[in-house]
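Student: Before we start, let me see the model. I want to ask what stands behind each label.

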Amino acid sequence: MTTHYGWNGRYFEDFVVGDRFEHPLGRTVTTTDNSWFTLLTQNTAPLHFDHEYAANTEFGQPLVNSTFTLALVTGQTVTDISQNVFANLAWENISLPKPVFEGDTIRSRSEVLGVRESKSRPTMGMVTVRTEGYNQRDEVVCSFERTAMVYKTGHGPNAERIAKLEEKYAAKDAEAAGTEG
């Protein structure tokens, strides 16, 4: 028997240039998502929250706020890319080639473009990825490059807790293996 205590994310040493990730979670965007995010960020463009106004545009319906799309796609990458982030350092080459509409389901994928040790923080390194968000028709709706400073294994706010869990469950697993055999 083995005890599994959950995914704690990747650390700096886990990233290799060229690695690709199909991020596990998709999200269908709702009218509420679009309206609340737009109003929360004080964006006054009626194209995002006024259905009557939007019906009179070439799109015929509200467009999802592009910064919501960027935030959603970034969020979808956290499990694989930045669960152990110290800080995001940059978003570059942001592109929004297709509109997102309420009811679209967005998924994302990333490729590691670069990894390098931090010169000023020896317990961290920089990871650069290119990420694409795509809709249910596999059309890319958002792409960007992001650089994050990621903790190395054994470092960061969770390091002590994870080490204790590993020790605790290794002992329990060894005990269970000895008594079952």
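Student: Why is Thr38 called buried?

Tutor: Thr38 has 0% relative accessibility. Buried means under 20% relative accessible area, exposed over 50%, and partly exposed in between, with a 1.4 Å probe and protein chains only. Thr38 therefore counts as buried. This is a predicted model: local features need pLDDT of at least 70, side-chain atom pairs count only at pLDDT 80 or more, and totals for chains, interfaces and linings use all residues. Residues are numbered from 1 along each chain as its sequence is written, and side-chain values use heavy atoms, with hydrogens and water left out.

Student: Where does Thr38 sit, and what does Thr38 touch?

Tutor: Thr38 lies in helix 1. Helices are DSSP runs of H or I with at least four residues, strands are runs of E with at least two, and both are numbered from the N terminus. Not counting residues up to four places away in sequence, Thr38 touches Asn43, His48, Phe49 and Asn65. Contact means heavy atoms within 4.5 Å.

Student: What makes Thr69 buried?

Tutor: Its relative accessible area is 4%, so Thr69 is buried. Thr69 belongs to helix 3. Leaving aside neighbours within four places in sequence, Thr69 contacts Val64, Val100, Val141 and Cys142.

Student: Which other residues of helix 3 are buried, and what covers them?

Tutor: Phe68, Leu70, Leu72, Val73, Thr74, Gln76 and Thr77 are buried in helix 3, along with Thr69. The cover of the buried residues includes helix 1 (31–40), strand 2 (27–28) and strand 3 (85–95). Strand 4 (105–117), strand 5 (124–134) and strand 6 (140–151) are also among the covering elements.

Student: How do you know that the length of helix 3 agrees with its residue count?

Tutor: The expected span is 1.5 Å times one less than the number of residues. Helix 3 (residues 66–77) has 12 residues, so it should span 16 Å. Its end C-alpha atoms are 17 Å apart, which agrees.

Student: What elements does the chain have, and in which order do they run?

Tutor: There are 4 helices and 6 strands. From the N terminus they run β-β-α-α-α-β-β-β-β-α.

Student: Why is the chain called more spread out than a compact globule?

Tutor: The globule rule is 2.2 Å times the number of residues to the power 0.38, and the radius of gyration is taken over C-alpha atoms. For 181 residues the rule gives 16 Å; the chain has 21 Å, well over that, so it is more spread out than a compact globule. Along its principal axes, the C-alpha trace spans about 70 × 45 × 30 Å.
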